[in-house]
Amino acid sequence: MAKRVFFSFHYEDVKTFRANVVRNHWLTKKDSEDAGFFDASIWESAKRHGDDAVKRLINSNLEYTSVTCALIGSETWRRQWVRYEIMKSYDRNNLLFGIHINGIKDKNQQVLPYGRNVFDYLGFVISSDGTTQAYYEHDGTDWRVYQDLPSKRLNGMDRQYWGRGYKLSNWVPVYDWANGDGYNNFSTWVDNAK
């Protein structure tokens with residue numbers, strides 16, 4: 001059965017068509033079940049309504065999704081709303097994975113070097129008593145508490161994880177669309193999301 005996938009991406013990667021290659025690849029398959037997903041993305045136009053409106057829109061579009069795919073371009077790691085989409089996805093227990101898209105030719109037939117892995121810049125710390133998980137983000141220089149989501153209460157966290165911090169990149173798989181044959185492997189990547 002196909003999973004409902006939320007795509008998180010920097011809007012600039014839509015303008016250059018890289019994000020669209022991944023999001024729309026299912027159109028050339030006989031049905032979306034063959035592609036392995038149903039698209040539940042939103043566009044950035046909601047930003048003009050303020051931060052709370054954007055959060056509500058993201059939250060509502062994450063409903064009924066089980067997987068979040070971050071499309072990683074040159075500046076994706078810096079984008080506030082990409083970070084929120086990923087952290088909110090993690091908070092609600094969506095499975096996660098990423099795809100480097102800079103190897104996809106843009107509208108001018110150009111490719112770019114890899115962008116930074118957004119999951120290297122997002123993480124969490126488990127309290128010393130194992131009861132809470134606080135979210136953190138890295139701004140390129142230092143780690144700081146992530147302000148857009150409150151800490152999460154935990155139940156039954158294994159003691160070995162208490163009092164430690166973790167980057168999401170420690171377990172979230174990231175693939176390359178161009179070199180990894182994303183057109184044919186996307187559904188497998190969805191199934192392998194963590």
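## Salt bridges, a helix and some rings

Trainee: Which salt bridge do the side chains of Lys 3 and Asp 191 form, and at what N to O distance?

Mentor: The side chains of Lys 3 and Asp 191 meet at 3.9 Å, N to O. A salt bridge here is a side-chain nitrogen of Lys or Arg within 4 Å of a carboxyl oxygen of Asp or Glu.

Trainee: And what does that pair tie together?

Mentor: Lys 3 sits in strand 1 (residues 3-8) and Asp 191 in helix 6 (residues 182-191), so the pair joins parts 188 residues apart in sequence. Helices (H or I, at least four residues) and strands (E, at least two) are DSSP runs, numbered from the N terminus.

Trainee: Before we go on, what am I looking at?

Mentor: This is a predicted model, where local features need pLDDT of at least 70 and side-chain atom pairs count only at pLDDT 80 or more, while totals for chains, interfaces and linings use all residues. Residues are numbered from 1 along each chain as its sequence is written, and side-chain values use heavy atoms, with hydrogens and water left out.

Trainee: Thanks! Is Asp 191 buried or exposed?

Mentor: Exposed, with a relative accessible area of 52%. Lys 3 is partly exposed at 23%. The cut-offs are under 20% relative accessible area for buried, over 50% for exposed and partly exposed in between (1.4 Å probe, protein chains only).

Trainee: How many salt bridges does the structure hold?

Mentor: There are 8. One of them joins the side chains of Lys 55 and Asp 148, at 3.0 Å, N to O. Lys 55 lies in helix 4 (residues 51-62) and Asp 148 in the loop between strand 7 (143-145) and strand 8, so parts 93 residues apart in sequence are tied together. Lys 55 counts as buried at 18% relative accessibility, and Asp 148 as partly exposed at 22%.

Trainee: What about Glu 75?

Mentor: Glu 75 forms a salt bridge with Arg 78, with the closest N and O atoms 2.7 Å apart. Glu 75 is partly exposed at 35% relative accessibility.

Trainee: Which residues are linked in a network of salt bridges?

Mentor: Arg 83, Glu 137, Asp 139 and Arg 144. Arg 83 is also one of the buried residues of helix 5.

Trainee: OK, helix 5 then. What does it look like?

Mentor: Helix 5 (residues 80-91) has 12 residues and reaches 16 Å from its first C-alpha to its last. That is close to the expected 16 Å, the expected span being 1.5 Å times one less than the number of residues. Of the 12 residues, 11 are buried, so helix 5 is largely enclosed by the rest of the structure. Just after it, Asn 93 takes a positive phi of about 70 degrees.

Trainee: Switching topic: how many aromatic pairs are there?

Mentor: The count is 14. Among them is the tilted pair of Phe 124 and Tyr 166, 5.6 Å centre to centre with 35 degrees between the planes. Phe 124 is in strand 5 (residues 122-126) and Tyr 166 in strand 9, so to speak distant parts of the chain, 42 residues apart. Rings of Phe, Tyr and Trp (its six-membered ring) pair if their centres lie within 6.5 Å, with planes under 30 degrees apart called stacked, over 60 edge-to-face and the rest tilted.

Trainee: Is Phe 124 buried or exposed?

Mentor: Buried, at 7% relative accessibility. Tyr 166 is buried too, at 15%.

Trainee: And which rings are linked into a cluster?

Mentor: Phe 7, Phe 97, Tyr 175, Trp 177, Phe 186 and Trp 189.
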